Amino acid sequence: MKIAHILWVDDEIESLQSQKLFLENKGYQVHTLTNGFDAIDYVKENTPDVVLLDESMPGITGLETLAKIKEVNHHIPVVMITKNETEDIMDEAIGSQISDYLIKPVNPNQVLLSLKKILDNKRLVAEKTTAAYQQQFRNLFIALNSNPDFNDWMGIYKKLTYWELEMKKSDSPEMLEVFQTQKQEANTEFFKFISRNYLSWLKAPEGKAPVMSHTLLRQKVMPYLDKDIPTIFILIDNLRYDQWKILQPFFAELFKLVEEDTFYSILPTATQYARNAIFAGMLPVEIEKRYPSLWKNEDEEGSKNMYEEDLLRIQMKALRKDDMRFSYTKVLHYSDGQKLVDNIHNLLQYPLSVVIYNFVDMLSHARTEMEVLKELAPDEVSYRSITSSWFEHSPLYQALKKIADKKFQLILATDHGSVRVKTPVKVVGDKQTTTNLRYKHGRNLNYDARDVLALKDPKEAGLPAPNLNSAYIFAKEDQFLCYPNNYNYYVNYYRNTFQHGGISLEEMIVPVVRMISKG
C-alpha cells in the first residue's frame, strides 16, 4: 500500500515532534516546515497527499498560504489547524475549500482521524460496501428462489437498484461482476414470472394485480386530488427507477417525500402503448375499440401520442372528476421548457396540472444514433450521470424551484423504462413487421420460442391487432431482435444501446412518487 506523504506547516513545529513521531509510527511519511513561504515553494516541487496547515503564523498567515497552495495545486487536501475559533475565520477557511478544520490544542488521535477521513475514506467505504453486499447476496438469492409475487419483485428490484448504486463505492471488479451476474439471473427469473402471470393480471380485480399503466391515475393520482391543494402530475418519459434515485436529492431540497412506490408498465413497454394507457385509464385495445379516432396503429402516419389530453378528459369523466379543472402541458423542446418556467405559477390555479417532459426518451434515442453520446454514456453509471446533469440544469428544475415556496403536491411518474441491450437474436418477418428492437408484431413472425414471450392473440393482452393473424413477441433480459439481412451491421450498431418495449425489470418496474412542497 502506498505510504501517504504529509506536509505539516507550523511555526511551533518543534513542540509537535511527538505528534510527528506518532503519525510516522502509524505509517505516514511526515515532512515539516515552519512558515507559509517555504510551504508554497515545497508544493511547487512536490505533491503531498495532505497538508496540515497552522492558521496563525508570522510573515504570511495560514489563510494566505492556503490560497497560494490552491493556486499551485487545487486538488491537494488541506487541514486547517488554529487556536482562533472566530466564526469569520472558519467561514473563510471553509469557503476556501479546506478538507477539515481542527482547533488547538490537538491530540494525535484527532489528527489521525482527520487523515483517515481524507486518505482512507474511499478505501474504507469500498471495503464496507463489498462486505455488506456479500452479506446481502444470500438474502437476494433466497428471495429470487422463493416464488416471489408482484410485490416481492418490486422489492427485489429496489434492493438490486440500491446495490447497483452502492457498487459505485466499491473498487472491487470481482464483486461488481458478481452483482451483474445476480442481476442478470434476476432478469431471467423475472421474464419467466411475467410470462406466467401477465395475462391473468389484465383480468384480475383491483388488489389482485399490481398497479399498471392503465390503472396508475385511478389508483395513484385521483385519490389524492383536492380542490383546495393544487396537484402537479409530472410524467418524465422513459425514466428508470435507478434514474429516479439519482434525481431524488434534487427533489428532496424542495419537497417532503410522502410515498415512494413503483408500478408495472404494460407491454409493450413503449410510449405509444404505455402512455396512452396511463391517460385513458384503458388498455390500448379498449382505446382503439371505443375511441378509434384517438388511436393510431404503428403503420399509420402521424404522432401516436397526440390525443393524451383528450384521453385524460375521458378518464376524468369516467371517474366522475369531470367537474375538476385541469391543465395539460407537453414539453418536447427546450423552448417548451422555457415556457414552462415562465408559466409555472399559472399551473397552481388548477386542482390538477399534467406536465409531460420528454427528455430521457430523447436521450436514449440520441445515444443510439450519435457516436459522441455513446462515448459519453457507455454504461448505466454514465447514463445516470447524464440524466442527473440534465435535470440539474433543466427548465423543469428551474420551474419547480420558482414555486417551491407555494403549497401544492407533486406526483412524479413515468411511462416505462429502458434496458441496455447486449445479446442479439434473429427474427424473420414480412414487410409489415414493426422495427422496434425489443418487441415486434406482424403476421408471419419466425423466431426461437426460447428467446421471446409470444402473444398470438393480441386482444387477450389488451393490444390492437392491426392485421388478421397479427402476433406480438417481446424480447427478454438484455436481448434485442434483429433481422438476418445485414445482421452483423445492425448487431454492432445497436449493441450496448438503451432500448425499450420488452420484458426486463428496468423497463417494467418504474417509479411513481408523491411529494408535498416544503413551502
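Modeller: Strand β9 (residues 352–357) runs parallel to β6, and 6 bridges join the two. Within this pair, Phe233 has Val354 of β9 as its bridge partner. Strands here are DSSP runs of E with at least two residues, helices are runs of H or I with at least four, and both are numbered from the N terminus. Two strands count as paired if DSSP finds at least two bridges between them. The model is predicted, so local features require pLDDT of at least 70 and side-chain atom pairs pLDDT 80 or more, whereas totals for chains, interfaces and linings use all residues. Numbering starts from 1 along each chain as its sequence is written, and side-chain values rest on heavy atoms, without hydrogens or water.

Helix α10 (residues 271–280) lies across β6, β8 and β9 and runs at about 165° to β6. Helix α13 (residues 334–347) packs on the sheet as well, touching β8 and β9, and its direction makes about 165° with that of β8. Contact means heavy atoms within 4.5 Å. Angles run from 0 to 180 degrees between N-to-C directions of axes fitted to C-alpha atoms, for helices over the stretch in contact.

Strand β6 (residues 231–236) is also joined to β10, in parallel, by 5 bridges. Leu235 stands opposite Ala413 of β10 in this pairing.

Taken together, 6 strands form an open sheet of mixed pairing, in the order β7-β18-β10-β6-β9-β8. At its edges lie β7 (255–264) and β8 (326–331), each of which pairs on one side only. Neighbouring strands of the sheet are turned by 15° against each other on average, with direction ignored.

A search of the whole structure finds 1 cavity of 30 Å³ or more. The largest cavity holds about 40 Å³ of space, and its lining consists of Lys220, Tyr224, Glu259, Asp261, Ile411, Val512, Val513 and Arg514. A cavity is a set of points on a 1 Å grid over the protein atoms alone where a 1.4 Å probe fits but cannot get out, and lining residues have an atom within 4 Å of a point. Points are joined across faces, edges and corners, and the volume is the space filled by probe spheres set on them.

For comparison, consider another sheet. In the order β13-β15-β14, 3 strands form an open sheet with antiparallel pairing. Its edge strands are β13 (439–442) and β14 (452–455), each pairing on one side only. Neighbouring strands of this sheet are turned by 15° against each other on average, direction ignored. Between β14 and strand β15 (residues 471–475), the antiparallel pairing extends over 4 bridges, and Ala454 has Ile473 of β15 as its bridge partner.

The loop between β12 (423–426) and β13 contains Val428. Val428 counts as partly exposed because its relative accessibility is 40%. Beyond residues up to four places away in sequence, Val428 touches Asn444, Leu445, Asn446 and Pro484. Val428 and Pro484 are 56 residues apart in sequence and 7.1 Å apart in space, C-alpha to C-alpha.

Two further residues complete the survey. Thr82 has its place in strand β4 (residues 78–82) and counts as buried because its relative accessibility is 0%. Not counting residues up to four places away in sequence, Thr82 touches Asp54, Glu55, Ser56, Tyr101, Leu102, Ile103 and Lys104. Ile156 lies in helix α6 (residues 150–166), and at 4% relative accessibility Ile156 counts as buried. Neighbours within four places in sequence aside, Ile156 is in contact with Leu140, Ala143, Leu144 and Pro148.

Note on methods. Buried means under 20% relative accessible area, exposed over 50%, partly exposed in between (1.4 Å probe, protein chains only). On a 1 Å grid over the protein atoms alone, a cavity is a set of points where a 1.4 Å probe fits but cannot get out, and a pocket is an open set with protein on both sides within 12 Å along at least five of seven lines; lining residues have an atom within 4 Å of a point.
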